[in-house]
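Have the 3D view open as you read, and take the sections in any order you like.

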Amino acid sequence: MANIAAQRIKREFKEVIKSEEVAKCAIKVELVNDNYTELKGEIAGPPDTPYEGGNFILEIKVPETYPFNPPKVRFITKIWHPNISSVTGAICLDILKDQWAAAMTLRTVLLSLQALLSAAEPDDPQDAVVAKQFKENAEMFHLTACHWTNIYAGGPSVNKDFDDKIKKLVEMGVDEHEARVALSSYNWDMERATEQLFS
Amino acid sequence: MAGNSNNLNLAQESCISDPDQLQAPEARFECPICLAWLRDPMQTSCGHRFCRKCIQSWLEREKACPVDNKPLDKDNDIFPDNFTRREISQQRLKCPNIIRGCSEDLSPLDVEAHLLTCKYGVPKLPDNEKLRCSFVAFGCDSKFEDEPEQQRHLEQETQKHLMLLSQAYSKLILNNSASTSSAAIAEQANFWDPPSKNDSNAMQISSNSNESVHNLLRSLYEKIVVLEQKNREQDIIMANMSEQIASLNLTVSKLSLRYCNGCYLWSITDFKNKINQMRVNHQIMHYSPGFYTSTYGYKLCIRFNLSPKDPTYVAILIHMMKSEHDNSLEWPFTGRISVTIVHPLDSFQNMRETMMTRPELEAFKRPVQDLNPRGFGYTEFVLIEDLFAQGFIDNNNLVIKVNAQPV
């Protein structure tokens, strides 16, 4: 790894650890390997969003050309969000692509992601299905995102209706996550989800 | 050079690992790209400062300011910031090795260069200076450069450490028991020679008492198996021998009958009981084993029963018996037969009768059956009550002696 990248990550690491966001448990960074090429990030779901109360784990890969190129970041924790793939966790965020600037840091990236959770950009989606639901059925989107936060990120809101529907599909032999994806994609319409799963 | 690069490594490492040594610059002296002191500072037209190398590298890729994204042209929009350069060069930092006695005051930009040659720098001492795993006492040999590394090791190797702990614990228990009784075990181990199929070395008490106890148990077990096997063999041998003894006894008694030279002592055991039975049933008769007048002579036996005419008397008769040598003998049997009821204590009281054979009687002809049904003797030899009264019955036995001598 280029010396400047490693040196910078070391300094940034200290910056994040000392930052007040860490003190408030809003963001967190951990080392995954010894040479600072891979880190594990964690952000708290922002208040007044469907993600509130959840903790979202991020995979952060630091390229050799850092900070001249952005770090590669994706969600490990499954999340229902228009700009984040519900399948791969890939993030659609300009600063992680063409809008990256060398003056940005791990801390600013994590805070930007937190901001992304507060303010989705459905017109520049990563997950078209989620974005469509976000635009056409905001209430259903909210419930679904809350449910995903509850299941995968340890969020507090339990949706018994959704849980029961998934249980029914699981009893029919469907994988739980697949059942959740199908139901979420079809606004929790059992018939259409079943049709899609068994077609 | 090799030494130098080594030193460089040392200086950087000690600089990074010691938080006190990492003197972060004030924001106005910090390059937003490398986050270090501005080296050869440049200012952009949008008013941001960077190291010359950092901003040049950035502008080779992008055409905007890394901080505010304003468009920048690498030839026209960046200028040397000599004011800042002078300010930084006037800053004075203590050498990070001040705690070890270095009193150098340095420009921030010179710190790294100074550390390469600072004689107060701590050489990265070999193994003995490295951090050890806290489970070193249990056999974990891992060494670390710094505490985070040590911490990670402790988190990742929990399984290994648990195993080391449990091993140490079981060793402790074994040592405990071994230290009190190892001498006894050693003595016993020598005492119980291992079976030949076992390696004799296996029994030696090694320093590893676990192994020796295990070996002891194993050879004890093998010993038991061998002993059980031997025991079984002995049982079989014993059975064979008692069979042999029985058959020898039989042979001996047969021989004694053959070699008695016509003089046979017949001991009637359980006499009272037999008399009582005979009194109830007069038909009961008792026969002695057949005996020979000589080795290849006549075979005869004694018959003892109650007299059919007067059951208060006992009858003692002689019967000729068929033998394998009858062909070589002269028939009818001729000779003298004496019958004696032996008094157990006083031979003067013996009752003795002698009779001569009478060749015209069936009883002395060559027997055609095993036993000639005709006998010859005294049907009223003596009163039963006399036998008891005169003390002939000793230990419930009556002894009758017959001496048959051919002439």
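## The UBA span of chain A

Start with residues 161-199 of chain A, where the span is 77% helix and 0% strand. Its end C-alpha atoms lie 24 Å apart. The label for this stretch comes from UniProt, where an unreviewed entry lists residues 161-199 of chain A as "domain: UBA". Keep in mind throughout that this is a predicted model.

## The annotated site at C92(A)

Staying in chain A, UniProt (again an unreviewed entry) puts the feature "active site" at C92(A). You'll find C92(A) in the loop between β4 (72-75) and α3 (106-118) of chain A.

Is C92(A) buried or exposed? With a relative accessible area of 10%, C92(A) is buried. Setting aside neighbours within four places in sequence, C92(A) is in contact with N83(A), K97(A), L116(A), D124(A) and Q126(A).

## Where the chains meet

Now for the contact between the chains: chain A brings 19 residues to it and chain B brings 16 residues. About 1,700 Å² of area is buried between chain B and chain A, and carbon and sulfur atoms give 58% of that.

How many salt bridges are there between chain B and chain A? The count is zero.

## Chain B in outline

Chain B has 407 residues, and 32% of them count as buried. It holds nine helices and 16 strands. Take the contacts in chain B between residues at least 6 apart in sequence: 52% of them join residues at least 24 apart.

One stretch of chain B also carries a label from the record. UniProt lists residues 31-69 of chain B as "domain: RING-type", in an unreviewed entry. That span is 26% helix and 18% strand, and its end C-alpha atoms lie 16 Å apart.

## Salt bridges in chain B

D40(B) is a handy place to begin, with a salt bridge to R52(B) at 3.4 Å, N to O. R52(B) lies in helix α2 (residues 52-61) of chain B and D40(B) in the loop between α1 and β1, so the pair ties together parts that are 12 residues apart in sequence. R85(B) forms a salt bridge with D40(B) too, and here the closest N and O atoms are 2.7 Å apart. This pair links distant parts of the chain, since R85(B) sits in helix α3 of chain B and is 45 residues apart from D40(B). D40(B) counts as partly exposed at 27% relative accessibility, R52(B) counts as partly exposed at 28%, and R85(B) counts as partly exposed at 35%.

Next, look at R28(B), which forms a salt bridge with E87(B), the closest N and O atoms being 3.4 Å apart. R28(B) is in the loop between α1 (2-17) and β1 (41-44) of chain B, while E87(B) is in helix α3 (residues 82-90), 59 residues apart. R28(B) counts as partly exposed at 39% relative accessibility, and E87(B) counts as partly exposed at 23%.

## Aromatic rings

A search of the whole structure turns up 16 aromatic pairs over all chains. In one of them, the rings of F333(B) and F364(B) have their centres 6.3 Å apart and their planes at 40°, so the pair is tilted. F333(B) lies in the loop between β12 (313-321) and β13 (335-342) of chain B, and F364(B) in the loop between β14 (351-356) and β15 (371-383), so the pair ties together parts that are 31 residues apart in sequence. F333(B) is buried, with a relative accessible area of 0%, and F364(B) is buried as well, at 2%.

Which residues form one aromatic cluster with these two? The cluster is made up of Y298(B), W331(B), F333(B), F364(B) and F376(B). Elsewhere, a ring meets a charge: the charged end of R258(B) sits over the ring of Y292(B), 4.3 Å from its centre.

## A look at Y120(B)

Y120(B) lies in the loop between α4 (111-117) and β6 (131-132) of chain B. At 31% relative accessibility, Y120(B) counts as partly exposed. Not counting residues up to four places away in sequence, Y120(B) touches N97(B), R100(B), G101(B) and C102(B). The C-alpha atoms of Y120(B) and C95(B) are separated by 9.5 Å, with the two residues 25 residues apart along the chain.

Terms used
Residues numbered from 1 in each chain as written. Chains lettered and ligands numbered in written order. Predicted model: local features only at pLDDT ≥ 70, side-chain atom pairs only at ≥ 80, totals over all residues. Heavy atoms only, no water. Phe/Tyr/Trp six-rings, centres within 6.5 Å; stacked < 30°, edge-to-face > 60°. Helix = DSSP H or I, 4+ residues; strand = E, 2+ residues; numbered from the N terminus. Buried < 20%, exposed > 50% of the residue type's maximum accessible area, 1.4 Å probe, protein only. Lys NZ or Arg CZ within 6 Å of the ring centre and 35° of its normal. UniProt positions renumbered as here; feature names shortened; annotations may be inferred. Contact = heavy atoms within 4.5 Å. Buried area = accessible area lost by both parts, 1.4 Å probe. Salt bridge = Lys/Arg side-chain N within 4 Å of Asp/Glu carboxyl O.
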